[in-house]
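Hi everyone, thanks for making time this morning. I'd like to walk you through one structure, so please have a look at it with me.

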Protein chains: 2
Amino acid sequence: MLPKEYSAENCSIARVMELIGERWTPLILRDAFFGIRRFADFADHLAIPRAVLTDRLRTLVQRGVLERRRYSEQPPRQEYVLTDLGVSLWPVLYQISQWGERHLNEGPPRRLFRHADCRTELDGYGFCPACAVLVPASGVEVDNGPGAADHDDRVSRAMVMPRPLLRPIQS
Amino acid sequence: MLPKEYSAENCSIARVMELIGERWTPLILRDAFFGIRRFADFADHLAIPRAVLTDRLRTLVQRGVLERRRYSEQPPRQEYVLTDLGVSLWPVLYQISQWGERHLNEGPPRRLFRHADCRTELDGYGFCPACAVLVPASGVEVDNGPGAADHDDRVSRAMVMPRPLLRPIQS
DNA sequence: CATGTTAGTTCAATGAATGAACCGACTGAC
DNA sequence: GTCAGTCGGTTCATTCATTGAACTAACATG
């Protein structure tokens, strides 16, 4: 999505799409939930042009979805971490991905989402049937499903193990 | 969003964004849920360039989200109606719009969603607290909320009354 | 000293979105 | 029967965003 101005609509869908609807942005956020934090890791994993990545990260920081955080002064290195606002987007992304799994994807699921406490698989709304609670991002565990494509880059290899959302990958 | 190829990702988010992530598409779908069906009504209500509207409608039809239906032979007139696949997108759009209402919008809500059977307001997940059911698109009633901006085009005037989703507007 | 990593910037080429103008087939009002 | 208007588009020039490749600066490692 582009010229980002959806003409101040009487509609929150338009406002949300201005915020996270641009091309690549949803995938950047997905990766952020999966624990990617560094410029080079986003770039490698998404195969996104670096200029675009720079721009998207900057915009997301500016809008309060990500926080840019120095983790080393010499050399200067920064990581991009979801803010609380960013984390609150989890149900939106989950809903999108579940719709895709149900309606677009033949074959076995590529990723499984479980309630970290009890390891029960979540339903399409992020609800844990065993515990009868709606699980927030911080309580979700991701795991590669049987249909996972195997990518062979450094970042993907760091993401094959079951792990909680938001935990930084070690690459 | 654009060149539509998200490089066959190991991820359903990418696939869904290919389908409905292009600029204007979510707003076209929103309007379709609100009962808009005709080319001219979409064009007037969204203020979208007509060439883009033509393209988006065609793409959505091609991908099975909308159906193009002749409602008059002389003169030839067609309407664009959500298919079952299109209707199944309701939770996705609802989730997006609710997130926007909660996090982007100061002031009173612009639109209210109720369970048509009991007229109870739905929660952020489209759940009716009174009946304890998840309400599908066909059971949802839309109403302008106190924060509704008043647009003054023909189509907006037809949309001020409470009405069920998917019922065609009469303009 | 050479090589590699990180986090970028710059640039030319491509492709999409925009807005305005145009069009053919009709309708309804006078 | 003529005139204005509607509907569902198409066409076109301009603007704007994305892409991919090349380049950079600052450091680290061996």
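One term before we start: when I say strand, I mean a DSSP run of E with at least two residues, numbered from the N terminus. And please keep in mind that this is a predicted model.

With that in hand, let's go to A:Leu112, which sits in strand β3 of chain A, residues 111–115. If we set aside the neighbours within four places in sequence, A:Leu112 is in contact with A:Glu121, A:Asp143 and A:Gly145. Take A:Asp143 from that list: 31 residues separate A:Asp143 from A:Leu112 along the chain, yet their C-alpha atoms are 5.1 Å apart.

Now the sheet around that strand. In chain A, three strands make an open sheet in the order β3-β6-β7, and the pairing is antiparallel. Here β3 and β7 (163–164) of chain A are the edge strands; each has a single partner strand, so one side of each has no neighbour in the sheet. Strand β6 of chain A, residues 140–144, pairs with β7(A) over two bridges in the antiparallel sense.

Over to chain B for another pair of strands. β1 (residues 66–72) and β2 (residues 77–82) of chain B run antiparallel and are joined by six bridges. They form a hairpin, with four residues between the two strands. B:Ser72 has B:Arg77 in β2(B) as its bridge partner.

Next, how do the two chains meet? On the chain B side, 38 residues are in contact with 38 residues of chain A. Which elements of chain B give two or more residues to that side? They are α1 (12–20), α2 (25–33) and α6 (90–103). Of these, α6(B) makes the largest contribution, with 10 residues. By class, that side of chain B has 21 nonpolar, 11 polar and six charged residues.

How are the copies related?

Among the buried ones are A:Ile13, A:Val16, A:Met17 and A:Arg15. Their cover includes α2 (25–33) of chain A as well as α2 and α6 of chain B.

Finally, the DNA. DNA strand C has 21 residues around it, and the nearest are A:Phe39, A:Ala51, A:Thr54, B:Pro49 and B:Pro75. At least two residues of that surface come from each of α3 (39–46), α4 and β2 (77–82) of chain A, and from α4 of chain B. DNA strand D is also surrounded by 21 residues, with A:Pro49, A:Pro75, B:Phe39, B:Ala40 and B:Ala51 the closest. The surface near DNA strand D divides into 12 nonpolar, three polar and six charged residues.

Notes:
Residues numbered from 1 in each chain as written. Chains lettered and ligands numbered in written order. Predicted model: local features only at pLDDT ≥ 70, side-chain atom pairs only at ≥ 80, totals over all residues. Pairing = 2+ DSSP bridges. Contact = placed C-beta atoms within 7 Å. Nonpolar A, V, L, I, M, F, W, Y, C, P; charged D, E, K, R; others polar. Near = placed C-beta within 6 Å. Buried ≥ 20, exposed ≤ 12 C-beta atoms within 10 Å, placed from the backbone.
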